[in-house]
Amino acid sequence: MTEITLPRGLVKGADGLVRPAWAAASDLLRAYYDDEWGLPVTDERGVFERLSLEAFQSGLSWATVLRKRPAFRDAFADFDPARVAAFDDGDVARLLADAGIIRNRAKILATIDNARATLRLREDGTDLARLVWSFRPAATPAPRTPDEVPSTSDESIALSRELKRRGFRWVGPTTMFALMEAIGIVDTHLVGSHRRGSSGVWPTA
């Protein structure tokens, strides 16, 4: 039987499932891709965690963040916005001394500020998840190769602008597009991947 040639950027795993090459690079990335990436996250804490982790990932590999995720959850009170918003100078010193996380002072301070901004959204009658999801586009990309996956969109630019207006930091358009991918607002699974269209938010095509 002739083996079907997959489009560039896709590989077939030993389990017979087709994934992008990056998701087949390790067991950790494969599990994240299969079980989490691109599935809808609509609760405040979940969106705050992912927004925070996307900011910490900036300039680094996502695999690095995933390996440190349990330590991040321990260090940042399971990303409970109310608890993180109460962090003080002592907590900042504690975090900077924690080798289990990414010890970047600017990103740590931004995470605390973003927790406080998240609480202010509640006071304004909304929440972080609802605000972020309000920037869902009318259509999602349908990339066939990695080169066709965008890094920003009109919506991620607008979301970045709105979050900055509301006091959030480290929320540039590229980081916000990565967030939108991660929590299912857009579907950038490559066409042909077993996860394409699996979120229930977008059709398979």
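## A buried asparagine

Buried means under 20% relative accessible area, exposed over 50% and partly exposed in between, with a 1.4 Å probe and protein chains only. Asn114 has a relative accessible area of 2% and is therefore buried. Asn114 is part of helix 6 (residues 105-123); helices (H or I, at least four residues) and strands (E, at least two) are DSSP runs numbered from the N terminus. Apart from neighbours within four places in sequence, Asn114 contacts Phe48, Leu51, Gly167, Phe168 and Arg169, where contact means heavy atoms within 4.5 Å.

## Basis of the values

The model is predicted: local features need pLDDT of at least 70, side-chain atom pairs count only at pLDDT 80 or more, and totals for chains, interfaces and linings use all residues. Residues are numbered from 1 along each chain as its sequence is written, and side-chain values use heavy atoms, leaving out hydrogens and water.

## Nonpolar core

A nonpolar core is a set of buried Ala, Val, Leu, Ile, Met, Phe, Trp, Tyr and Cys residues joined through side-chain atoms within 4.5 Å. The largest one has 52 residues, of which Phe72, Phe76, Leu128, Val132, Leu163 and Ile183 touch the most other members. Helix 3 (residues 62-75) contributes the most, six residues.

Beyond four places in sequence, Phe76 touches Phe56, Val84, Phe87, Leu95, Ile101, Ile108 and Thr111.

## Charges over rings

A charge sits over a ring if NZ of Lys or CZ of Arg is within 6 Å of the ring centre and within 35 degrees of the ring normal. Arg94 lies over the face of Phe87 at 5.2 Å from the ring centre; Arg136 lies over that of Trp202 at 4.4 Å.
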